Amino acid sequence: MKKMALWLVVYTMVLLWSLYQPHDIFTWWMEALPSLIALPLLGWFYWKHRPTPLISVLVLLHCCVLFVGAKYTYAEVPLFDWIAELFDWQRNNYDKLGHFAQGFIPAMLCREVLLRHNVLKPSGWCGFLCVCFALALSAFYELIEWWVAVATGDGAEAFLGTQGYVWDTQSDMLFALIGAICAMVTLSGWHNRQLAALKQLSKTSA
């Protein structure tokens with residue numbers, strides 16, 4: 001419970017910081033909405049199946065990434081403006097970090113759900129399907145951006161964050177794909193150990 005309380009404190013502090021004088025309130029809501037939805041979903045999952053510590057931390061990190069992008073818009077995050085100047089980039093690339101996270105964290109979430117519900121066992125097929133899920137989610141998010149752009153016109157420019165890059169949509173999905181693959185390669189073993197520990201704890205409690 002202490003860890004969950006700490007999670008909520010960090011989440012709330014970053015949320016309030018993000019909401020204080022954001023660049024644009026419409027864009028803030030559009031960018032922060034997934035993080036706002038994540039809170040009750042994680043609470044439900046915590047009630048049904050205690051999530052692994054790894055997943056709890058990853059969800060919190062993803063929420064923070066989204067809240068930062070919501071505050072400044074993905075095209076104007078100050079740190080990445082400085083990085084762009086340092087490396088002579090032509091654009092602010094914070095959105096690429098966001099889409100990398102959009103692949104990395106959802107792939108691990110998918111893995112947690114599949115394994116906790118015994119849909120699959122830890123295997124190459126599990127990793128492959130988690131990557132597919134993350135890529136499909138990224139593609140669907142691009143469709144949402146398109147629908148918002150059609151519905152709101154110029155009001156969606158900050159939400160899209162293309163910065164004049166003609167291949168922005170495709171590169172966003174590529175970064176999500178890379179993030180999902182990186183998650184499966186680097187965290188699967190660690191995740192398996194945490195799942196085994198939770199299973200053992202459940203048996204001991206019973």
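Q: Is asparagine 118 buried or exposed?
A: Asparagine 118 is exposed, because its relative accessible area is 68%, and over 50% counts as exposed. Keep in mind that this is a predicted model.

Q: Where does asparagine 118 sit?
A: Asparagine 118 is in the loop between helix 5 and helix 6.

Q: What about its phi?
A: The phi of asparagine 118 is positive, about 55 degrees, although the residue is not a glycine.

Q: And threonine 73, what is its phi near?
A: Threonine 73 has a phi near 75 degrees, which is a positive value in a residue other than glycine. Threonine 73 is in the loop between helix 3 and helix 4.

Q: Why does threonine 73 count as buried?
A: Threonine 73 has a relative accessibility of 2%, and buried means under 20%.

Q: Switching to charges. How many salt bridges does the structure hold?
A: The structure holds four salt bridges.

Q: Which residues are linked in a network of them?
A: The network of salt bridges links Arg91, Asp95, Lys96 and Asp172.

Q: What does lysine 96 do with aspartate 172?
A: The side chains of lysine 96 and aspartate 172 form a salt bridge, at 2.5 Å from N to O.

Q: How does aspartate 95 come in?
A: Aspartate 95 and lysine 96 also meet through their side chains in a salt bridge, 3.6 Å from N to O. Both of these residues are buried.

Q: Which residue does arginine 116 pair with?
A: Arginine 116 forms a salt bridge with glutamate 112, and their closest N and O atoms are 3.1 Å apart. The two are separated by about one helical turn because they are four residues apart in helix 5.

Q: New topic, pockets. How much space lies in the largest one?
A: The largest pocket has about 1,000 Å³ of space.

Q: What lines it?
A: The lining of the largest pocket has 40 residues, and Pro34, His62, Pro106, Leu109 and Leu137 lie nearest the centre. By class, 28 are nonpolar, six polar and six charged.

Q: Which helix gives the largest share?
A: Helix 2 does, with 11 residues of the lining. Others that supply at least two residues each include helix 3 (53-72), helix 5 (94-116) and helix 8 (168-205).

Q: What makes up the nonpolar surface patch?
A: Leu79, Trp82, Leu86, Phe87 and Trp89 make a nonpolar surface patch of about 580 Å².

Q: Where is tryptophan 89, and how exposed?
A: Tryptophan 89 is in the loop between helix 4 (78-87) and helix 5. With a relative accessible area of 36%, tryptophan 89 is partly exposed.

Q: One more: where is leucine 16?
A: Leucine 16 is in helix 1, residues 2-19. Leucine 16 is exposed, at 53% relative accessible area.

Q: How far apart are leucine 16 and phenylalanine 67?
A: Leucine 16 and phenylalanine 67 are 51 residues apart in sequence, and 9.3 Å apart in space from C-alpha to C-alpha.

Definitions and conventions:
Residues numbered from 1 in each chain as written. Predicted model: local features only at pLDDT ≥ 70, side-chain atom pairs only at ≥ 80, totals over all residues. Heavy atoms only, no water. 1 Å grid on protein atoms, 1.4 Å probe; cavity = no way out; pocket = protein on both sides within 12 Å on 5 of 7 lines; lining within 4 Å. Points joined across faces, edges and corners; volume = space filled by probe spheres on them. Nonpolar A, V, L, I, M, F, W, Y, C, P; charged D, E, K, R; others polar. Patch = residues over 30% accessible without salt bridge, like charges linked within 9 Å, V, L, I, M, F, W, Y side chains within 5 Å. Areas by Shrake-Rupley, 256 points an atom, 1.4 Å probe, with all protein chains shown as cover. Buried < 20%, exposed > 50% of the residue type's maximum accessible area, 1.4 Å probe, protein only.
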